[in-house]
Amino acid sequence: MQKIQPSPKGVNRAVLVERLREAGILAILLLGAVVFSFLVPSFFSVDNAINGIGLSAAINTIVAIGLTYVIITGGIDLSVGSTAALAAVIGADLMQRGTPVLLTVLIALAVGAVAGLVNGLLVTRVQLAPFIVTLGTMTFYRGLALSYTGGQPILSLPDGFKRALGGTVVGLPIPLIAALLLVVAFTVFLKFTRTGQYILALGGNAEAVRLSGINTNRYITLTYVISGVLAAFAALVLIAQLGAAEPILGSGWELSAIAAAVVGGTSLSGGKGNVVGALLGALLLSMLQNVLTLMGVQAFYQLLATGVIIIGAMVIDRYTRGR
């Protein structure tokens, strides 16, 4: 087996562009925080920063980490919202039937893993386009969630579950802490493990990786499994906060997560991206949505603003990567 050896010059340029992009997003976040504080006095408060922006960004970040891995390989996963809904309603139903909370959480995560595995096998073994596969499973998984519940929400989740995933530790919401820990863990995994390096190399030149003797199908499938598990975990975190699960949960999550990943520097062409960028992208989008909500801007104008940011990020990506 040959080791993938990217050119040092290319690596240095990519790292420099990545750092400049992260610095640029940080600068925009800080500048935006200052400007928005003058525009909306209630924006600048610890409560709004944690519960208004942080919690929203936490859910999006968890899902965006999985999407970042998939997109780096040159794929896409449109089924994350439906996967989240399916895992949430199955987990909530089992809890109401008296299943221990820990076992329920593991089963819900397994549901996400199986959903991701199906996506990965259809992409790698059946050789279907990721967009087509996940568009189909997006509908299929949502249909399963609706069928499972009869279209009805599952209410009154156990207090122990709500405290475990929806509570606080030293004043910080557990979802926020979980998102930050996942960012660290998946950054380390992507940058400092052989599997992470293979995943990065897949998006750059999958054929070269395959000719190096690496089982490309295994690593591509792994990214879809990761995406499914993280979508299921995000769903558990959300229903712990809400105290209920609905089969329509997660609608639109795929677009929010893709937007966070792209704004954070992940290339839709594959081969480039990082988890910290997804966190920064999610924070930027959540901050924008938060201030527009505080200003009373209607939802469709918020969508327009988000769309402009995504298009701007793609234009920047086009010119900074020289493609």
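## Salt bridges

The count of salt bridges in this predicted model comes to three. One of them joins the side chains of Asp 93 and Arg 97, with a distance of 2.8 Å from N to O.

Another salt bridge links Glu 207 with Arg 210, whose closest N and O atoms are 2.5 Å apart. Both residues belong to helix α9 (residues 206-211), and because they are three residues apart in that helix, about one helical turn separates them. Glu 207 is partly exposed at a relative accessible area of 40%, and Arg 210 is likewise partly exposed, at 42%.

In helix α6 (residues 159-166), Lys 162 and Asp 159 are also placed three residues apart, about one turn of the helix, and their side chains meet in a salt bridge at 3.4 Å, N to O. Lys 162 is partly exposed, with a relative accessible area of 27%, and Asp 159 is partly exposed as well, with a relative accessibility of 49%.

Gly 120 itself is found in helix α4 (residues 101-124), and it counts as buried because its relative accessibility is 0%, which is under 20%. The C-alpha atom of Gly 120 is separated by 6.7 Å from that of Ile 220, although the two residues are 100 residues apart along the chain.

Thr 223, which has its place in helix α10 (residues 216-242), is also buried, with a relative accessible area of 0%. Leaving out residues up to four places away in sequence, Thr 223 touches Gly 66, Tyr 69, Val 70, Thr 73 and Ile 199.

## A nonpolar surface patch

On the surface, Leu 31, Val 35, Leu 39 and Met 295 form a nonpolar patch, and together these residues have about 390 Å² of accessible area. Leu 39 lies in helix α1 (residues 8-39). This leucine is exposed because its relative accessible area, 53%, is over the 50% limit.

## The second largest pocket

The second largest pocket holds about 570 Å³ of space. Its lining is made up of 21 residues, and those closest to the centre of the pocket are Asn 60, Gly 252, Ser 256, Gln 289 and Thr 306.

Which helix gives the most to the lining of this second largest pocket? The answer is α13, with six residues. The helices that each supply at least two residues of the lining are α2 (46-72), α11 (253-263), α12 (275-294) and α13 (299-320).

Note on methods: Residues are numbered from 1 along each chain as its sequence is written. This is a predicted model: local features need pLDDT of at least 70, side-chain atom pairs count only at pLDDT 80 or more; totals for chains, interfaces and linings use all residues. Side-chain values use heavy atoms; hydrogens and water are left out. Patches are made of residues with over 30% relative accessible area and no salt bridge: like charges are joined within 9 Å, nonpolar side chains (Val, Leu, Ile, Met, Phe, Trp, Tyr) within 5 Å. Accessible areas come from the Shrake-Rupley method with a 1.4 Å probe; for residues, only the protein chains shown count as cover. A salt bridge is a side-chain nitrogen of Lys or Arg within 4 Å of a carboxyl oxygen of Asp or Glu. Helices (H or I, at least four residues) and strands (E, at least two) are DSSP runs, numbered from the N terminus. Buried means under 20% relative accessible area, exposed over 50%, partly exposed in between (1.4 Å probe, protein chains only). On a 1 Å grid over the protein atoms alone, a cavity is a set of points where a 1.4 Å probe fits but cannot get out, and a pocket is an open set with protein on both sides within 12 Å along at least five of seven lines; lining residues have an atom within 4 Å of a point. Grid points are joined across faces, edges and corners, and a volume is the space filled by probe spheres set on the points. Contact means heavy atoms within 4.5 Å.
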